[in-house]
Amino acid sequence: MYKIGIIGCGKIAQVRHIPEYIANSKAEIKAVYDINRNRAEEIALKVGATAYEEIDELLSSDLDAVSICTSNDSHAEIAVKALEKGINVLCEKPMAVTLESAERMVDAAEKSGKILMIGQNQRLNGTHMRAHDLIMRGEIGRVISFETVFAHSGPETWSIDPGKNTWFFDKKKAVMGAMADLGIHKTDLIRFLLDDDISSVSAKIATLDKRGADGSLIAVDDNAFVIYTMKSGAVGIMRASWTNYGPENNSTVIYGSEGVMNIFVNPEHSIEVVKKNGERDFYDVEKIQTNDSQTSSGVIDAFIESLDRGYTDISGEDVLKSMKAVFAALESAEKGKEERV
């Protein structure tokens, strides 16, 4: 039985991490911490854990692993502390807010010999896993280009403290906006689907519409439009948005030399493959999670399995490659030119 600590008891912890740990027979939540002491005590009472007033105190409480579910700016510091204490870490995305801090996390994991897994849950969706396998076996031939989108109406209804004062809009706590919240998912996903890395980036990242409690535009981006060039030569577009005020869009289209693969485009089928000759193949695997429709992410089960076998496929070292593309996109947008990754 793995003894687990939850650091940050907000929405992602309450909707995914905590219930998924409870559902896993090999995990037991023993410790919780939240900046809101009352919230931590309420969660502790529900799950039979101890609520700690300080993170350092929690990290000294004989744990096997922790989930880091705090605001973006604190991920790296907490992760490094935990790893240095010999505790395995599951960290929410984005793994860090600077390249240097992300690299420090990876170094700490290597030195400690402990697992650092990042919660890039889109890799674990059954449809995305099937799509990866179909692409690898040449179902649509050589990949030429792609379009991948994650767009919804914003985090203000998702946050544990909903409204326009959410920490997601706070430049100090979030540092980045839609690019870090949604763009990292699709950046990491395209690397996974194509089994390829990003070599260069050209981006426009902006705040177009989202306003905070004072009525002024928020201090972080609400839209990101990014062109990724892959090492294979494939070129595609990644779009992340908090200003989609219609149905959530979490879709990907892969254009190959022998056909097109639509992933979460056709509402009737999770994968639709349209061949050059007009033939269509449909694969119904698993629906995509939305903020309004939560199912098991698979992240916790994958983390526990990683603890069993001693390594993870969604390691900090691997996700660092996705983060480098995100940071390159931010730099590209700032300088107005293409950036190498």
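Start by selecting T148 and T252: T148 stands opposite T252 in β11. The two belong to a pair of strands, β7 and β11, which run antiparallel with five bridges between them. Two strands count as paired if DSSP finds at least two bridges between them. Strands (E, at least two residues) and helices (H or I, at least four residues) are DSSP runs, numbered from the N terminus.

Before you go on, note that this is a predicted model, in which local features need pLDDT of at least 70, side-chain atom pairs count only at pLDDT 80 or more, and totals for chains, interfaces and linings use all residues. Residues are numbered from 1 along each chain as its sequence is written, and side-chain values use heavy atoms, with hydrogens and water left out.

**Stop 1**

Next, select residues 223–230, which are strand β9, and residues 235–241, which are strand β10; they pair in the antiparallel sense over seven bridges. Here I227 stands opposite I237 in β10.

Now colour the whole sheet. It is open, has nine strands in the order β14-β13-β12-β11-β7-β10-β9-β8-β15, and its pairing is mixed. Which strands stand at the edges? They are β14 (280–283) and β15 (339–340), and each has a single partner strand, so one side of each is left without a neighbour in the sheet.

Zoom in on β13 and β14, which run antiparallel and are joined by four bridges. V274 stands opposite R280 in β14. The hairpin of these two strands has four residues between the strands, and in it G278 takes a positive phi near 95 degrees.

**Stop 2: helices on the sheet**

Select residues 126–136 to show helix α6. This helix lies across β7 (143–151), β11 (252–256), β12 (259–263), β13 (271–275) and β14, running at about 170 degrees to β12. Then select residues 316–335, helix α10, which lies across β8 (198–206), β9 and β15 and runs at about 55 degrees to β8. Axes are lines fitted to C-alpha atoms, for helices over the stretch in contact, and angles run from 0 to 180 degrees between N-to-C directions. Contact means heavy atoms within 4.5 Å.

The axes of α5 and α10 come within 10 Å and cross at roughly 175 degrees. The two helices are therefore roughly antiparallel to each other, a label used for angles over 145 degrees. To see where they touch, show L99, A102, E103 and V106 in α5, which meet G316, E317, L320, K324 and F327 in α10. The residues of this contact divide into five nonpolar, one polar and three charged. Ala, Val, Leu, Ile, Met, Phe, Trp, Tyr, Cys and Pro count as nonpolar, Asp, Glu, Lys and Arg as charged, and the others, Gly among them, as polar.

**Stop 3**

Another open sheet has six strands in the order β3-β2-β1-β4-β5-β6, with parallel pairing. Its edge strands are β3 (50–51) and β6 (116–118), each pairing on one side only. Strand β2 (residues 27–33) pairs with β3 in the parallel sense over two bridges; select A31 to find it opposite T50 in β3.

Go to the loop between β5 (88–91) and α5, where P94 lies. The peptide bond from K93 to P94 is cis, with omega near -10 degrees. Then visit D62, in the loop between α3 (55–59) and β4 (65–68). Although D62 is not a glycine, it has a positive phi of about 65 degrees.

Methods:
Angles under 35 degrees count as roughly parallel, over 145 as roughly antiparallel, 65 to 115 as roughly perpendicular and the rest as oblique.
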